[in-house]
Amino acid sequence: VASRGTMGYVSGSAVQSVYVSLGTVEYLVIGGGGGTGTGYSNRQIGGGGAGGYVCNVQGETTGTGATVLATYAVTQGFSYPVIVGAGGTGNTNGIGETIQAQQGNTSVFGDISAAGGGGGGGSNSSKYGATFGGSGGGGARGGAGAVGTTRQGTAGIAGVDAAYGGGGGGAGATGSTSTGGA
């Protein structure tokens, strides 16, 4: 049984303390998603990666299809931090190469954390490449996709030649590339 503590915000992420009864708990922690890359054309940019996926719920798998993690023991009266990671920022103005897409923020329960998703690559992939995260960001127009965190998420896929960006990675599947520009 859990009860709610105080609520606050740290770096754009919601922070909550939870007080629990004695025993073990199941958890599912998902990091904030990565931002989408910037570029002159929406089909040339890489997609942001999904936030890392970590759980110990029996019958489920954690990110990348790995087996669930061990039980999590809690102590009565002890406060366990809960942080809900915000998504990363992407292209803010829809034009040009103005910013690097940001990684999503890490989510936390106790000492369990799920990394934020990687940022997608910008259409100038040598300047704004895809970034590492819970699941990696997708590469833009020929740029490489970034790797995901072990047991949390998959890699983003590379962009295709000069025309199409790659999709960001997910918890259970690698990103894909849309050659239709959608």
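1. Is arginine 141 buried, exposed or partly exposed? With a relative accessibility of 32%, arginine 141 counts as partly exposed, a class that lies between buried (under 20% relative accessible area) and exposed (over 50%), computed with a 1.4 Å probe on protein chains only. Arginine 141 lies in the segment after strand E9 (112-114), where helices (H or I, at least four residues) and strands (E, at least two) are DSSP runs numbered from the N terminus.

2. A note on the basis of these values: the model is predicted, so that local features need pLDDT of at least 70 and side-chain atom pairs count only at pLDDT 80 or more, while totals for chains, interfaces and linings use all residues. Residues are numbered from 1 along each chain as its sequence is written, and side-chain values use heavy atoms, with hydrogens and water left out.

3. Most residues other than glycine have a negative phi.

4. The structure holds six aromatic pairs, a pair being rings of Phe, Tyr and Trp (its six-membered ring) with centres within 6.5 Å, called stacked if the planes are under 30 degrees apart, edge-to-face if over 60, and tilted for the rest. In one of them, the ring centres of tyrosine 27 and tyrosine 72 are 5.8 Å apart and the planes stand at 80°, so the pair is edge-to-face. Because tyrosine 27 lies in the loop between strand E3 (23-25) and strand E4 (28-30), and tyrosine 72 in strand E6 (residues 72-74), the pair ties together parts that are 45 residues apart in sequence.

5. Tyrosine 27 is buried at 6% relative accessibility, and tyrosine 72 is buried at 11%. Both tyrosines belong to one aromatic cluster, formed by Tyr27, Tyr72, Phe78, Tyr80 and Phe109.

6. Asparagine 56, in the loop between strand E5 (53-55) and E6, is buried at 3% relative accessibility. Its side chain reaches the backbone nitrogen of tyrosine 27 at 2.7 Å, and a polar atom of that side chain lies 3.2 Å from the backbone oxygen of valine 25. Not counting residues up to four places away in sequence, asparagine 56 touches (heavy atoms within 4.5 Å) several residues, among them Glu26, Val68, Leu69 and Tyr72.

Note on methods:
Polar contact = N/O pair within 3.5 Å; in protein donor to acceptor, adjacent residues only side chain to side chain.
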